[in-house]
Structures are given as structure tokens and as C-alpha cells.
Amino acid sequence: MGDVGGRQGGQRGRLAGRSPRAVVVAGGGVRPRPGPSHGEPADAPAGSVPLPPATRRTMSDSTDLELSGAAFEDLVRRAAAMCARAIDGLPDVHAAGRIGAEAAAEAAALRTDFSDEPVEGGFDALVPVLERAFDLALVTSGPGYLAYVPGGGLPVAAVADLVAGVMNRYAGLAEAAPGPCALEDAVVRFLAREIGYGEGAAGVLLSGGSLANFTALVAAREACLPDGADLRRAMVYASDQAHHSVAKSVRLAGIPAENVRAIGVDARLRMDPSALETAMAEDVRAGRIPMCVVTSAGTTNTGAIDPFEAVAAVARAHGAWHHVDGAYGGAFALCGPGKARLRGMELADSITVDPHKGLFLPYGTGCLLVRDRETLVRAFRMGASYLQDFADTPELIASPAHLGPELSRPFRGLRLWLAFRLHGVAAFRRALEEKLALAERLAERLADLAAQGVPVELVERPQLSVVAFRLAPGRDQSLADANAENAAFLREIVRPGRVFVSSTMLPSPEGPRFTVRACVLSFRTHRAQIDAAIEDVAAAARAVRGPTPAGSGVVV
């Protein structure tokens with residue numbers, strides 16, 4: 001690495017007629033190299049055009065932000081040491097981290113002002129501040145993190161971000177960066193093939209599932225509505241278990257949020273195709289336009305998988321776009337058991353997949369895949385006079401800016417490209433299979449607890465890797481009391497700090513019920529964490545409810 005830095009520094013010196021001005025000081029800081037002060041002319045490179053006298057008197061090179069290769073290598077080494085300590089310490093960190101009012105008050109003290117001068121002591125002086133800041137947060141990268149939908153934080157992807165950031169190539173137009181765009185295009189094509197799309201498919205990497213769902217809704221609007229259509233007549237359909245980003249995307253696409261029709265679900269919380277058909281037919285008779293149906297490849301609440309084949313037939317009959325929100329579960333198509341459970345997903349016009357969920361990458365990596373590339377091109381490709389230099393360049397490689405809303409964007413594709421190359425795709429397939437198996441193990445052990453007299457009920461057998469459960473209702477217990485008791489149950493589960501789970505409200509005949517949910521998706525979560533979770537669930541049930549006669553739990 002030092003050799004590379006030396007070559008870069010030498011090249012910069014040759015190009016500018018000088019050496020890099022920033023140098024390393026103790027602690028990993030950088031200081032300007034002594035040189036001409038403001039008001040003194042710097043030595044001009046040989047053969048340069050002389051500047052006017054007034055300019056020569058006042059101008060000097062401002063190189064304080066430039067690092068030599070050696071300075072950069074030293075800085076990265078210090079940052080890597082901090083990260084390595086954090087990785088090694090993950091098994092011993094409280095799984096929930098530190099959040100809440102007390103943590104927020106402590107975090108407010110970190111909002112100190114900035115100085116005109118570099119911090120004394122360099123990067124090493126900032127490490128305690130950074131470690132304190134990261135301590136005041138959910139530990140989403142930890143092995144015991146089973147809350148919400150975990151984002152993995154694969155370290156190789158962090159290396160990719162470092163490389164992409166330092167090289168800093170613009171990755172919006174293939175004409176400007178054919179190399180980086182080719183690597184990203186390879187990633188998107190691979191994902192499209194894995195979920196079952198054919199040669200005409202395409203896609204774009206975005207910041208996450210929310211932006212991917214929005215991009216899909218815009219493509220649906222452009223594909224399904226005639227020019228000049230009244231957007232107040234456009235209708236979107238999703239189950240009552242859909243992610244809230246669907247309604248937000250509809251509103252951002254210019255369609256009233258109230259035009260999202262919540263479709264009922266079956267006993268397993270999957271969209272009911274007959275209810276969808278009824279709703280769409282009603283809208284047609286009322287003069288409204290069925291524009292898009294959104295199904296889920298794993299809902300956030302319970303991991304429910306909507307019946308893709310039946311829904312696709314209904315959507316097709318009404319000329320509506322079919323979008324699958326697979327932000328959480330879509331990546332399971334990369335493994336055999338997951339692909340079988342997601343059969344029919346490939347019939348959709350578009351699919352959201354979040355690599356920062358199912359492929360274990362750091363936050364900020366979403367993906368939209370479409371069956372027909374031209375649907376994205378028609379919706380998003382635009383020109384401008386300041387881009388005319390690229391106008392006559394043949395597009396042999398996909399340009400992300402022509403397939404989505406972003407013009408300026410980072411080189412996101414390197415995260416997955418490097419991870420697939422260094423780990424091999426088979427490692428991801430095995431990890432995904434393991435998460436499905438771990439969820440099954442958790443469900444089976446919860447059922448065992450219920451059979452042993454622990455007052456827990458398994459709400460639903462896992463369809464993917466989310467397991468929903470709660471305390472079984474007590475005799476003559478009101479819904480309000482049951483919900484309050486389950487909130488206490490959740491607090492007791494997470495109190496030891498070995499695992500962290502979250503909650504939701506699920507429908508029941510009596511009304512919404514407080515339900516605990518565990519989502520097994522971190523690449524660091526293994527059998528030991530699941531077994532610890534079972535022990536803590538049993539202890540929490542005893543702490544809240546006390547001993548219960550055998551057979552009082554509920555097994556689904």
C-alpha cells in the first residue's frame with residue numbers, strides 16, 4: 001500500500017510541479033507542509049503561462065486537504081485498528097446497545113462545534129468520541145441483534161466503500177465511467193438472473209428499499225397511465241401488512257395517499273387474491289384506474305409471503321403493474337429453500353431487493369429489478385445540454401442515471417462485487433439457508449416451551465426468517481392487560497443483553513395484539529444466539545407470569 005501511495009504522490013508532484021503538502025503528525029493527524037504563505041508567489045511549474053503580477057502577489061496553492069500516500073495509509077491503519085477492536089468486542093456488547101432518553105441526553109453532549117484548526121492529537125484523539133457515539137445506538141451488527149430487520153455490515157463491503165470513495169469515480173453514466181458501471185451492471189444482471197428474470201431485465205442500485213419502491217411506483221405510473229391522466233383516479237393495492245414505504249412512495253409519485261387500498265389477508269397474513277379482485281373490479285366500475293399491485297416477499301411484521309402467482313393473474317387481467325416488495329425477503333431466492341418459497345415472484349414487473357438486509361451489506365444498499373429494461377428507461381432517461389459531450393457515445397453498458405432518479409450517485413455496486421468475489425456466492429447461499437434453519441429452530445423450541453407449560457404462543461410458523469410469538473392470554477384477561485403484559489415480557493427478554501428482539505401489533509378477533517418478533521438475518525447470528533434467546537424467553541415468561549401448569553401454552 002505504501003508503494004501505491006508513493007506512486008500516487010509522485011504522479012501528483014509531476015502533474016502539479018510540487019510535492020503533497022499535507023504530512024503525517026503524531027496520532028494520525030495531518031498538518032500542512034511549510035510552504036509559501038499567502039501573498040508570496042509559489043514557484044511556477046516550468047513552461048506554465050505567467051500569471052498577472054497582481055495575481056502572483058496574492059495566490060498560492062491551497063493543499064491542506066491533500067494527503068500523501070503515506071499519510072493516507074497511516075490514517076487508514078488507525079481507523080482499521082478501531083474497527084477491528086469493535087468487531088472482536090461484538091460478542092460481549094449488550095445486544096440492544098444504548099438507546100432511549102438517557103442515551104439521547106448523553107449523545108447531545110457530542111454536538112460540539114468545529115474549529116478552524118485540526119484537532120490536536122489527530123485521529124487517535126477522536127477515537128474516544130467515535131466509540132462513545134457508536135455506543136449510543138442499537139448494535140445492529142451484533143450476533144444477538146434479532147430486532148426489526150437487521151442490516152449486516154459485512155466488513156468486506158466497508159473496504160469496498162473505502163476504495164470507491166478514494167478513487168471517487170462518477171458512477172451515474174457509463175459514458176463517464178464505463179469500468180465502474182460495468183462492474184455494477186454485472187452485479188445487477190446476476191441478481192436479476194437469480195430471481196428468475198430473463199435477458200431483457202435490468203435494474204438499478206439505490207439507497208434502500210424505500211427509494212427502490214418509489215422508483216418502481218414511478219415506472220408503474222409511466223407504464224400504466226396515459227399521458228395527461230388524472231392521478232387522482234390512479235389506484236394502488238397492497239395488503240394491510242405492507243411496509244409503510246409503499247404509501248409514502250405513492251404520495252411522492254403524485255398520487256393521493258388515500259388511493260392506496262388495503263387488501264385483506266388470510267389466516268397467515270398473506271394477501272387475499274379474491275379480495276384484491278373484488279377491490280379492483282369495484283374501482284373499474286367507479287371509473288378509477290387500477291395502476292399497481294404491491295405484494296410482499298416477506299412482510300416486516302411476520303415474514304409473510306403473498307401468493308404471487310394468483311396476484312399476478314389478477315393484476316394482469318386489469319392491466320395493472322405488479323411490484324414485489326422483497327426488501328427483506330427477496331434475497332432468499334439465492335438459496336434453494338428460499339427460492340422454492342418465493343416461487344412466482346419472477347412473474348412480477350418489478351422487484352425490490354435490499355442487499356443491506358438479505359445480503360448482509362451495510363446500510364445504504366437497495367436494488368430495484370425490472371423484467372423489462374425499457375420500462376425504466378422510459379420513466380427516467382432524460383437529457384441536458386451540459387451532458388451533450390456524451391450524446392454520441394454508444395451505450396454498451398447500462399447507465400444507472402437512465403434507470404433511476406439519481407444523477408449524482410456513489411459507486412454502490414463495488415460493495416456487492418467485491419463481496420461476491422472475495423467470499424464467493426456460495427458463502428451467501430449457505431448463510432441464507434442457515435438463517436431459514438435458525439428461524440425454524442427458534443419456532444420449534446418455542447413450541448417445545450409451550451408444551452412444557454411455559455405460557456407462550458407461537459403466532460405463526462415462519463414463512464422466511466421472522467418468528468412472531470407472545471405470552472398466551474390469561475383466563476379472562478382483557479386485551480389491554482394482555483398487551484401491557486406482553487410489553488413487560490419483551491423488556492424481560494432483552495434485559496440480560498444476550499439478544500435483542502422487537503415488537504409489533506398483529507390483528508386478532510379482539511383487536512390489535514402486542515406481539516414479539518425475532519428476525520434472524522445477521523451473518524453473525526448462529527445457533528448459540530437462538531439457544532440463548534429460548535433461555536431468555538423462558539425466564540422472561542416466568543418472571544412476568546410465574547410458573548404455569550404443563551400444556552397451558554399454545555402451539556401453532
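Let's start with helix α8 (residues 209-224), which lies across β3, β4 (234-239), β6 (289-296), β7 (321-326), β8 (350-353) and β9, and runs at about 175° to β7. Contact here means heavy atoms within 4.5 Å. Angles run from 0 to 180 degrees between N-to-C directions, with axes fitted to C-alpha atoms, for helices over the stretch in contact. Helices (H or I, at least four residues) and strands (E, at least two) are DSSP runs numbered from the N terminus. Keep in mind that this is a predicted model, where local features need pLDDT of at least 70, side-chain atom pairs count only at pLDDT 80 or more, and totals for chains, interfaces and linings use all residues. Residues are numbered from 1 along each chain as its sequence is written, and side-chain values use heavy atoms, leaving out hydrogens and water.

Now the sheet: it is open, has seven strands with mixed pairing, and reads β3-β9-β8-β7-β6-β4-β5. Two strands pair if DSSP finds at least two bridges between them. β3 (202-206) and β5 (260-263) each have a single partner strand, so one side of each edge strand has no neighbour in the sheet. Neighbouring strands are turned by 20° against each other on average, direction ignored.

Helix α14 (residues 373-380) lies across β3, β7 and β9, at about 115° to β9.
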